[in-house]
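This report covers selected local features of one protein chain. Please read it alongside the sequence and the coordinates.

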Amino acid sequence: MFKRLAALLLALALVTGLFSGCGKDPEDQILRCDLSANPASLDPQLASSPEALLVIENSFEGLLRQDGSGALGPGTALNYSVSEDGLTYLFELRDDALWSDGETPVTAGDFVFAFQRLLDPSTGSPYAGNYTCIRNGALVLAGEADPSALGVHADDDLTLRVELDTPNAFFPQLTAAGAAMPCNRAFFESTRGKYGLDTEFLLSNGPFFVKTWDPDKYILLRRSESYRSAAGVTPAGVNLYLGREEPLSLFLKGSTDAAALPSEALAEAEKNGVRLEEFDDTLWYLSLNTRVAPLTDEFIRQAIAAGLDSGALAQYFPAGAGPALGLVPPAVTMGGSSYRSQPGSDFASSYDPEAARSLLRQGLARLELERMPSLTLLYPDGEGMPLLMGAVQQALQQNLGVFFNIEAVSGEELERRLSSGDYEIALTYTKASYNSPEALLGAFSSKSAQNLTGFSSPELDALLAQAKHAAELSEARSYFQAAELLVLRQAPAIPLFVATSYYGSSSKVSGIRFSPFSYRMFFQFAVKSR
């Protein structure tokens, strides 16, 4: 027996007709936005950068959509139902959904193929581990079952059935993420391995399509005439510029409609009528490579964590940033309120110099070392971090009697070394790709392709699985809290501070949906005045 979740239809009722027929010249309704980097790929099952996800989630449409607050509404699926035991989801797709070629219907089979690609280990999707709640998903990802064994089925062209191994309160949110966008098998196979690498090899189903992609200049999105949602699409398109001047200067010249802004530009931007949105969504932390001695030893990692006082370091944090109270930033919510504000989710700093020295001695003894070997702490150049890293270096020398080298590298070099494991300690950051603590904590799972530290804990994997499969949010929260505390105590990562992301939009534009998750900006309902 299925319980109908008809409330999703409300979103359609609210927007139907509201954004149609604005009477503007189409050229007046082309928005201008600035990106900080060119996406490497627009393959939804592979993309992970914010820039790629912004393009994908404006040009593709999943089963459901998620707004800036994390609330879900209809996407390609008009509505869905879930069985009483929480194990089976039925999604009813729109009967007028088309791919951007204007002819090919979007069917349940396209979602079946997308999920199979996502969990197929040969794909190498960075987010595949988030979807192992699907029946046989873990076996498929481990290479122990064929993708066809996955519990995702097309009952007919417009009915998708998804079966889970155990209930998962977060599964509906996962259907709105970029990794779960549909993929047309025939088109995918016709690209011969080039899917998502050029406009010629893209077929999308969202409110916009990628008309032009010049990796040195811009990505041009244009309204898809094939998109049939009752909500409609207001702007004629979006020009996503690459490599232009600083966004504040562009706002002051009237040359952009939306962009991410640095904190130092906020006062001037607001003074000049720029609308601001902000999210406490970015966790900066020290990533400790647990594959490299002596960081293989838990006591050594704990000693480094206990030797750092985030309160004392706060004077060196970027403007507007505050000490991290855990591994999950405040923007992530559960049950409508910040996860960080919920009972049991506020973890105090482990700063204790005396305990740090004792742990260091114990760790060195276990490794049969007389002294701590020299380690290098990498950090991204150009992020205003030299003073902070100098303070970290000094604190560890004072509290542990150990000297750490510090080295600034480019963002690209740091990313390369982190992904290849060619580092000892590195300052880096992360954001949630969707609205769940799992989006952060899952990166420390031994099963995650995003695991930069090499950390492996069967206990952590079990806690995350229990949280993922919990039927109630309160139960999931308890497992997430236990998982977060375990990572903090074993210290493959040491949280330092939470930074705020700021987005600006022109006073002449309304209706852009900003989000701390995944796409960051969604343009379907934006209106630009003359």
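Which residues does Ile-134 touch, not counting residues up to four places away in sequence?

## Nonpolar cores

The model discussed here is predicted. In it, Ile-134 touches Phe-115, Leu-150, Gly-151, Val-152, Val-162, Glu-163, Leu-164, Asp-165 and Phe-171, with residues up to four places away in sequence left out of the list.

In soluble globular proteins, nonpolar side chains tend to be buried together. The largest nonpolar core has 101 residues, and Ile-134 is one of those that touch the most other members, along with Phe-91, Tyr-131, Leu-160, Leu-240 and Phe-523. Helix H3 supplies the largest share of this core, eight residues. Another core, of 38 residues, lies apart from it and includes Leu-313, Leu-364, Leu-427 and Leu-496.

Asp-120 is in the loop between helix H3 (108-119) and helix H4 (137-141). Its relative accessible area is 21%, so Asp-120 counts as partly exposed; the cut-off for buried is under 20%. Beyond residues up to four places away in sequence, Asp-120 touches Val-140 and Pro-147. Asp-120 and Ala-236 are separated by 116 residues in sequence and by 37 Å in space, C-alpha to C-alpha.

Helix H9 spans residues 298-306 and is mostly covered, with seven of its nine residues buried. The buried residues are Ile-300, Arg-301, Gln-302, Ala-303, Ile-304, Ala-305 and Ala-306.

Pro-294 belongs to the loop between strand S13 (275-288) and H9. The peptide bond joining Ala-293 and Pro-294 is cis, with omega at about 5°.

## Packing of H11 and H12

Two packed helices are described by the angle between their axes and the distance between the axes. For helix H11 (residues 353-366) and helix H12 (residues 386-400), the angle is about 75° and the axes are 9 Å apart. H11 and H12 are therefore roughly perpendicular to each other, because angles of 65 to 115 degrees fall in that class.

On the H11 side, Pro-353, Ala-356, Arg-357 and Leu-360 meet Gln-398, Asn-399 and Leu-400 of H12. By class, this contact has four nonpolar, two polar and one charged residues.

## Loops on either side of H11

Gln-342 is located in the loop between strand S16 (337-338) and H11. With a relative accessible area of 7%, Gln-342 is buried. Apart from neighbours within four places in sequence, Gln-342 is in contact with Met-334, Ser-337 and Arg-477.

Glu-368 lies in the loop between H11 and strand S17 (375-380). Glu-368 is exposed, with a relative accessible area of 73%.

## Backbone exceptions

Most residues other than glycine have a negative phi, and most peptide bonds are trans.

Key: Residues are numbered from 1 along each chain as its sequence is written. This is a predicted model: local features need pLDDT of at least 70, side-chain atom pairs count only at pLDDT 80 or more; totals for chains, interfaces and linings use all residues. Side-chain values use heavy atoms; hydrogens and water are left out. Helices (H or I, at least four residues) and strands (E, at least two) are DSSP runs, numbered from the N terminus. Buried means under 20% relative accessible area, exposed over 50%, partly exposed in between (1.4 Å probe, protein chains only). Contact means heavy atoms within 4.5 Å. A nonpolar core is a set of buried Ala, Val, Leu, Ile, Met, Phe, Trp, Tyr and Cys residues joined through side-chain atoms within 4.5 Å. Axes are lines fitted to C-alpha atoms, for helices over the stretch in contact, and angles run from 0 to 180 degrees between N-to-C directions. Angles under 35 degrees count as roughly parallel, over 145 as roughly antiparallel, 65 to 115 as roughly perpendicular and the rest as oblique. Ala, Val, Leu, Ile, Met, Phe, Trp, Tyr, Cys and Pro count as nonpolar, Asp, Glu, Lys and Arg as charged, and the others, Gly among them, as polar.
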